[in-house]
Amino acid sequence: WAKEDGKGRWTLFDPERNAHRMTRLALSSTLRSAVERDEFTVDYQPLVGLGDGVLRGVEALVRWQHPDLGRLTPNRFIGLAEENGAIVQLGRWVLEQSCRQARTWQLEHPGNAPFVSVNIAVRQVWDSDLVADVARILARTGLPPELLQLELTESAVMGSAGRPLQTLRALSEMGVRIAIDDFGTGYSNLAYLSRLPVGALKLDGSFVRGFGSDQHPNPADETIVTALVKLAHQLGLTVTAEGVESAEQAERLHAIGCDTAQGWFYARALPPEQIGSMLRQAPVRPTAARQVPRVTV
Ligand code: C2E
Ligand code: MG
Ligand code: MG
Ligand code: MG
């Protein structure tokens with residue numbers, strides 16, 4: 001077989017590529033019914049205090065337990081769900097599931113209940129009534145708003161000042177904290193963000209990768225992050241570093257003044273029972289500044 005490659009050239013039929021496209025199509029068309037069939041689960045990745053190693057919160061990360069393809073990570077389906085709009089239903093499901101779980105942890109561990117941080121797609125801001133969904137879910141699950149954080153990317157809060165701004169205002173008046181996810185990968189700036197009701201920045205992992213003596217040390221990253229953290233703190237925002245993979249990175253980030261960290265150095269995203277057993281352990285002892293605490297599971 002031959003097929004046109006779209007640029008007016010004819011190429012040999014590539015079965016692998018075709019299979020890939022078929023899978024995408026198949027996945028895309030079954031996303032909505034998969035939500036109804038309950039094929040998704042949520043794992044939770046710890047967010048840890050850099051100074052004391054205490055588990056402060058968890059990020060909810062969705063997985064698809066596909067009947068034929070097995071366990072799929074979000075990079076296989078979140079983009080598709082955003083394209084066809086299924087993200088609205090899926091996102092609502094993740095939100096409810098996460099709030100219910102966080103409420104359970106709060107009841108079991110009232111002294112050290114972690115907050116739950118849930119990713120919100122652009123479409124959830126524009127094509128659904130996010131404020132009503134959040135209000136209803138908090139009421140139904142009994143989770144106090146202070147234990148919910150919503151992660152939005154720069155592109156979700158940028159652009160028109162209208163709908164995103166109204167949504168953020170209503171959510172923060174409700175007592176829910178807004179965090180900017182993957183900060184530094186978009187085009188927004190702190191001056192703009194400081195005018196929005198945003199409480200936290202999540203510094204993208206690509207900055208952290210340049211830290212320490214790992215494969216691609218980039219001294220400029222450290223300079224930029226130092227300045228960002230300082231400015232963010234002056235604007236009243238807390239800063240979480242994403243993608244922390246080594247003790248050295250954690251140590252540098254702590255020295256710079258980052259508040260919390262998330263990454264494989266501490267823990268991967270875990271099923272809820274494993275977060276539960278972390279919470280049952282005595283809170284991690286505060287350690288000397290030099291010694292980087294590690295959360296064990
Ligand atoms: P994100 O929100 O930036 O989440 C962090 C991603 O980095 C997660 O990937 C996490 O497993 C991964 N990660 C954590 N620590 C490390 C580390 O030390 N090194 C490296 N290399 N990676 C690390 P995951 O679970 O595959 O999720 C990917 C993306 O999918 C998320 O990026 C988020 O944008 C999206 N996503 C996940 N769950 C949801 C959801 O429920 N709704 C929406 N709208 N998006 C979601
Ligand atoms: Mg996130
Ligand atoms: Mg992120
Ligand atoms: Mg990221």
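Two strands count as paired if DSSP finds at least two bridges between them, and I take helices (H or I, at least four residues) and strands (E, at least two) as DSSP runs numbered from the N terminus. With that settled, I noted that strand β4 (residues 55-66) runs parallel to β6 and is joined to it by four bridges.

Before going further I wrote down the conditions: this is a predicted model, in which local features need pLDDT of at least 70 and side-chain atom pairs count only at pLDDT 80 or more, while totals for chains, interfaces and linings use all residues. Residues are numbered from 1 along each chain as its sequence is written, chains are lettered from A and ligands numbered from 1 in the order in which they are written, and side-chain values use heavy atoms, with hydrogens and water left out.

**Entry: the strands around β6**

I looked up which residue of β6 stands opposite glutamate 59, and found serine 117. For burial I used relative accessible area (buried under 20%, exposed over 50%, partly exposed in between, with a 1.4 Å probe and protein chains only). Four of the five residues of strand β6 (residues 115-119) are buried, so this strand is largely enclosed by the rest of the structure.

**Entry: magnesium ion, ligand 2**

Which residues coordinate the magnesium ion (ligand 2)? I counted as donors N, O and S atoms within 2.8 Å of the metal (3.2 Å for Na, K and Ca), bearing in mind that water is not among the atoms, so sites may look incomplete. The residues are Glu59 (OE), Asn119 (OD1), Glu151 (OE) and Asp181 (OD), at 2.0 to 2.3 Å. Glutamate 151 lies in strand β7 (residues 148-153) and aspartate 181 in strand β8, so this pair ties together parts that are 30 residues apart in sequence. I found both glutamate 151 and aspartate 181 buried.

Aspartate 182 belongs to strand β8 (residues 177-183) and glutamate 242 to the loop between β10 (238-241) and α11 (247-256), so the pair ties together parts that are 60 residues apart in sequence. Aspartate 182 is partly exposed, at 26% relative accessibility, whereas glutamate 242 is buried at 11%. I also noted that aspartate 181 bridges the two magnesium ions (ligand 2 and ligand 3), which lie 3.4 Å apart.

**Entry: salt bridges**

Taking a salt bridge as a side-chain nitrogen of Lys or Arg within 4 Å of a carboxyl oxygen of Asp or Glu, I have a count of 13. One of them joins arginine 24 to glutamate 83, with the closest N and O atoms 3.9 Å apart; arginine 24 lies in helix α1 (residues 15-36) and glutamate 83 in helix α2 (residues 78-84), so the pair ties together parts that are 59 residues apart in sequence.

Arginine 71 forms another with aspartate 43, at 2.9 Å between the closest N and O atoms, and this pair links strand β5 (residues 70-72) with strand β3 (residues 40-49). Aspartate 43 is buried at 7% relative accessibility, while arginine 71 is partly exposed at 48%. I recorded, too, that Asp43, Arg63 and Arg71 are linked in a network of salt bridges.
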